[in-house]
Amino acid sequence: MSLGYYFLLPVIFSFLTPYFKKLGSFTLRGSSIVLSFILFAQTLAYTYTTLPQISEFSIKPPLGIAFILDGYSLLFLLIFTFSALIVSFYMIWFFQANKGRDEARFYLFFNMLIAGSIGMILSCDIFNLYIFFEITGICSYVLAAYNKDKLGLESGIKYLIIGSIASIFIVFAIMLIYLQIGTVNLGLIAQRFNQIDPKISVLIVLMLFIGFGTKAELFPMNFWAPDIYQGSMSSVNGLFSSVVAKAYLFVFFHLFYLFGLSSKYMLFVMVIGAITFLVSEFTALNQTNLKRLFAYSTLGQLGILFMALSTNSSATVSGALFHLTSHSISKLLIFLALGILIHKFKSAKIDILGNFKSGFLTVILVIGFLSILGIPPFSGFIGKILILKGFALSQNYAAIAFILLVSIVEAIYFFRLTAMMLDKKRTKIGVPISFTNYIVLSVLAILIVLFGVYPSLLIHYTDLATNALLHPTNYLQYALGVGL
């Protein structure tokens with residue numbers, strides 16, 4: 001299948017959404033599941049082929065569209081398509097439990113968001129990368145405001161304003177790149193980037209850092225993120241954490257290494273990542289709203305990822321990509337489980353964790369908490385231990401000490417949440433779980449345990465991704481051949 005179908009199929013689905021709506025909810029929900037399954041199955045098929053893979057439309061650059069799939073983008077493609085499939089199944093319960101909601105609007109923008117995120121990681125020219133950046137952003141704004149209540153509309157408007165500011169910086173960076181190099185092809189830009197006047201190149205890097213750093217929720221441009229999470233649906237929170245933020249992070253480091261910026265800006269990015277981790281975890285301690293708490297938790301883990309991914313060390317980067325995958329699965333599990341509780345209690349206050357009675361949900365949430373915290377035998381432990389091992393091999397003991405110390409703060413609020421759920425003195429209210437949610441949450445929990453017990457199942461893909469990211473020779477050869 002051509003890589004272009006990752007974008008074309010969701011677009012076709014979007015045009016057909018009004019027709020599916022007329023045929024009924026079953027058709028609308030089922031068609032979204034089928035679409036997500038096709039994309040995920042095709043991605044699995046790509047794991048058995050030789051990489052890189054390329055698809056190109058006939059129009060010549062800079063207006064042409066070409067996609068390149070390598071080991072780095074393959075890992076993210078697996079995460080995104082799997083997340084889309086999981087959320088599609090979860091939404092069956094959501095719309096059954098919330099009659100009268102506009103299903104067509106959700107599925108239209110949900111699938112376009114997946115298409116935009118995938119487009120960003122596959123595009124091999126910076127102009128079309130920006131187009132997919134905007135598609136993802138617009139869909140995110142709409143989904144953030146999906147509830148149409150005060151908090152929802154407020155989060156959508158805030159996201160729109162912040163996203164528009166980020167877009168301005170990226171547009172100016174693209175304009176400067178085109179004026180200096182005369183192309184938007186990523187291969188040609190990478191080849192000629194060091195020929196740009198140093199003052200102009202610093203300005204370009206700064207604007208790209210602000211634009212993609214804002215979207216990737218990096219300090220100090222992440223002040224908006226907790227408000228967005230608080231006003232959005234839990235399923236949308238899961239998408240933001242597992243797909244959207246990761247797509248922007250992908251692009252950030254894709255350009256970081258492709259343009260040869262690691263030697264100049266490695267320390268700067270690592271320090272910013274460390275500050276993000278520190279500030280986010282301490283801020284999470286004082287939160288009384290579960291969505292805001294886990295939003296800050298997400299920001300903290302993104303800080304660790306920025307620290308590790310900026311090192312230019314194969315061992316550390318591979319560990320970071322393992323942790324990134326584990327975090328995406330864990331946060332998706334936590335937000336979807338919280339969605340069930342929030343629907344039951346009509347509240348996102350932290351107290352609801354002490355008021356529900358469900359052995360299944362308790363086990364699910366504890367697995368998610370312990371995995372993010374990095375406790376064995378869960379996948380989060382493997383990710384963090386690989387990151388620490390990578391820093392040790394690089395003799396960066398300060399980073400190890402910093403991560404371990406700040407993780408103590410993280411442990412405080414996670415153990416506090418766990419203690420609330422296990423407190424038998426509280427009055428408990430039963431929470432019914434649908435068959436669909438049993439399946440969805442069980443699959444996510446099994447993967448967390450599976451990757452923790454058999455990390456080799458995932459390490460193969462993270463090593464492949466690491467090699468493609470740090471040594472983009474094959475990518476450049478394919479990118480330079482596009483349209484030539």
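Predicted model: local features only at pLDDT ≥ 70, side-chain atom pairs only at ≥ 80, totals over all residues.
View 1. Which helices each supply at least two residues of the lining? They are helix H3 (71–97), helix H9 (225–231), helix H10 (234–258) and helix H13 (314–345). Sorted by class, the lining has eleven polar residues, seven nonpolar ones and four charged ones.

**View 2. The second largest pocket holds about 400 Å³ of space.** Its lining takes in 19 residues, with Phe40, Leu44, Leu78, Phe82 and Phe451 lying nearest the centre. Two or more lining residues come from each of H2, H3, H13, helix H17 (435–453) and helix H18 (456–470). H3 gives the largest share, five residues. So what is the class make-up of this lining? There are 15 nonpolar residues and four polar ones, and no charged residues. H3 turns up in the lining of the largest pocket too.

**View 3. Arginine 29 and glutamate 103 meet side chain to side chain in a salt bridge.** From N to O, the gap is 2.9 Å. Arginine 29 sits in helix H2 (residues 25–46) and glutamate 103 in helix H4 (residues 103–122), so this pair ties together parts of the chain that are 74 residues apart in sequence. Are the two partners buried or exposed? Arginine 29 has 13% relative accessibility and so counts as buried, the cut-off for that being under 20%. Glutamate 103, at 10%, counts as buried as well.

**View 4. Glutamate 410 and lysine 384 form another salt bridge.** Here the closest N and O atoms are 2.9 Å apart. Where in the chain do the partners sit? Glutamate 410 belongs to helix H16 (residues 397–422) and lysine 384 to helix H15 (residues 379–393). They are 26 residues apart, and the pair links distant parts of the chain. Both glutamate 410 and lysine 384 are buried. With this pair and the one in the previous view, you've now seen the salt bridges in the model, since the count comes to two under the rule of a Lys or Arg side-chain nitrogen within 4 Å of an Asp or Glu carboxyl oxygen.

How values were computed:
Residues numbered from 1 in each chain as written. Heavy atoms only, no water. Helix = DSSP H or I, 4+ residues; strand = E, 2+ residues; numbered from the N terminus. Buried < 20%, exposed > 50% of the residue type's maximum accessible area, 1.4 Å probe, protein only. Nonpolar A, V, L, I, M, F, W, Y, C, P; charged D, E, K, R; others polar. 1 Å grid on protein atoms, 1.4 Å probe; cavity = no way out; pocket = protein on both sides within 12 Å on 5 of 7 lines; lining within 4 Å. Points joined across faces, edges and corners; volume = space filled by probe spheres on them.
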